[in-house]
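This report covers a pocket and the packing of helix pairs. The sequence and structure are shown first.

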Amino acid sequence: MAGALCMPAIHAAQADCSNPALRVRVRREFRSFDPADARGEDGIITRNLLAPLVRFAKRQGSDQWRWERHIVDNISEGDPKRYAFTLRDEGWRNASSVSAEDVAFSFERIAGFNGGLSDANNRQSWSGLKSVDIADQRSAAIVLESERPDLLTTTLPGVAGCVVNKSYVSGLSSGRFTFDPGPTSGRYDLCDVVPGDYAKLIKDRDWKGDKVEVESAIFRVIKDDKAAKEMFLAGQIDVYRPDLDVLKVAVAEGQPVTRAATSRTSILVLNQDGALANFELRRAVQLAVDRRAVGFAAYQDENAQVATGLIPDGWTGWSKEPLVAFDPDEAARLVAANPLSETLRIATFSDQTLMSMALQVQQDLTRIGLRSEVIPPEDGAWLAISNKTADILVTLTAPQTFGSLETFSYFTSRSDLRWNTNPEFDKMFETAVMQPNSEFLFQLQSLLVNSGVVVPMVDDHAAYVVNSRVMPAFNPDGQVGDVGSWTIVP
């Protein structure tokens with residue numbers, strides 16, 4: 001195992017990192033804390049070390065996700081193609097203040113501008129960026145190619161919105177870092193990190209922003225879910241996200257489970273060629289799916305949120321009424337009127353949650369008289385429909401944090417996936433690109449459902465087992481929230 005990385009530029013020598021107040025389990029080895037590349041749990045750490053301009057506000061119930069200022073004094077909302085901001089006074093650790101030049105460098109580097117990265121994992125987050133126009137030391141404007149009224153609740157508070165130190169990162173030979181971010185601007189400093197073992201964070205004593213509730217934290221890499229459960233029961237970790245098998249046991253044993261909605265929805269994509277070319281059969285599949293049963297099979301949650309459309313509750317464009325009903329009797333009638341001799345092929349990914357959904361859908365289809373089998377896709381699950389190697393695909397929509405139109409772009413005729421050829425949908429999508437409001441987002445969902453292309457199932461969520469001494473907050477991706485959002489119960 002590699003030793004801890006020595007990072008004198010950010011290590012808080014006076015701080016004691018040996019006894020972290022919060023102990024969080026992560027499932028895989030750390031890969032990168034660079035905002036250009038960080039994903040998932042790595043991104044949680046990144047957001048704490050390198051502050052974004054704005055951050056997600058704590059969510060109350062089913063309210064929409066909101067943003068709040070983080071390292072800005074102000075940021076404009078009036079023009080969805082131009083976001084002007086002024087930074088507040090926040091310094092880099094052991095360096096000068098965060099500047100507008102740092103911000104411009106950070107965003108344009110991810111987008112690949114001005115010698116930036118051509119292969120950043122998070123490049124899509126800044127795909128609509130035109131420029132960052134600097135006005136003075138602390139002021140600039142983010143200029144976009146097209147309207148992005150959701151920028152303040154998608155890219156900016158996410159990991160791709162984190163600001164790096166230009167002087168440090170531009171001096172790196174590869175133009176990116178893996179674990180050492182150099183000078184940090186966030187609420188926490190990185191004590192040390194062993195990629196296959198742990199990362200330790202400590203509160204930045206010089207942080208000038210909102211109060212930090214948790215003094216320190218350790219993110220421990222525990223790959224085995226059963227081992228994580230045993231460590232939790234032994235009091236060695238405070239928070240862990242179990243896999244489905246362990247979650248079933250935890251629920252059966254009555255362990256308290258905390259659930260956090262993500263910004264995704266589970267859907268079926270139906271092949272319009274082959275066995276399901278008949279619209280009435282696709283309609284039968286839509287009516288046959290027992291969404292509550294799907295939610296319990298996938299999440300062990302009898303109260304899982306049934307999806308009303310392709311956009312989950314709390315996001316712009318969410319439909320108050322379900323776009324398709326559960327009516328197995330009508331589904332059986334349609335099948336009887338349109339008998340099918342072929343066996344439907346259901347494809348999905350090698351993911352326990354999605355596989356459980358696929359097996360439940362298979363049961364639902366059997367009940368209405370349709371034979372089906374869950375198959376390993378020959379050409380990859382995403383291409384199973386377009387390559388006609390599957391009739392039904394079980395998948396998740398893109399996160400709303402990627403932008404409200406990301407999922408719908410997959411269903412245009414320009415998409416390589418070739419799931420849908422519908423001139424009316426293409427025209428509506430182009431309109432929505434220019435005016436991405438609730439009305440057009442609703443119409444896009446309605447077109448996909450009414451043409452029998454998609455079956456909304458359940459709003460996705462993450463389940464955690466949490467120690468009673470910890471009160472957690474979450475981000476829109478269902479991941480545990482910024483460390484400072486947590487509260488340690490005395």
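## The second largest pocket

Helix 10 (406-409) and helix 11 each supply at least two residues of the lining of the second largest pocket. Helices here are DSSP runs (H or I, at least four residues), numbered from the N terminus. A pocket is an open set of points on a 1 Å grid over the protein atoms alone, where a 1.4 Å probe fits, with protein on both sides within 12 Å along at least five of seven lines; lining residues have an atom within 4 Å of a point.

The volume of this second largest pocket is about 440 Å³, taken as the space filled by probe spheres set on the points, which are joined across faces, edges and corners. Its lining has 18 residues, and those closest to the centre are Gln-124, Ser-127, Arg-148, Leu-405 and Glu-406. By class, the lining has six nonpolar, eight polar and four charged residues (Ala, Val, Leu, Ile, Met, Phe, Trp, Tyr, Cys and Pro count as nonpolar, Asp, Glu, Lys and Arg as charged, the others, Gly among them, as polar).

## Basis of the values

The model is predicted: local features need pLDDT of at least 70, side-chain atom pairs count only at pLDDT 80 or more, and totals for chains, interfaces and linings use all residues. Residues are numbered from 1 along each chain as its sequence is written, and side-chain values use heavy atoms, with hydrogens and water left out.

## Helix 11 and helix 12

The axes of helix 11 (residues 423-434) and helix 12 (residues 438-450) cross at roughly 160° and come within 10 Å. Helix 11 is therefore roughly antiparallel to helix 12 (angles over 145 degrees). Axes are lines fitted to C-alpha atoms, for helices over the stretch in contact, with angles from 0 to 180 degrees between N-to-C directions.

In contact (heavy atoms within 4.5 Å), residues of helix 11 including Phe-425, Met-428 and Phe-429 meet residues of helix 12, among them Phe-440, Leu-444 and Leu-447. The residues of this contact divide into eight nonpolar, two polar and one charged.

## Helix 6 and helix 8

Helix 6 (residues 279-288) and helix 8 (residues 328-337) have axes that come within 8 Å and cross at roughly 155°. This makes helix 6 roughly antiparallel to helix 8.

Glu-280, Leu-281, Arg-283, Ala-284, Leu-287 and Ala-288 in helix 6 meet Pro-328, Glu-330, Ala-331, Leu-334 and Val-335 in helix 8. By class, the residues of the contact are eight nonpolar, no polar and three charged.

Terms used. Angles under 35 degrees count as roughly parallel, over 145 as roughly antiparallel, 65 to 115 as roughly perpendicular and the rest as oblique.
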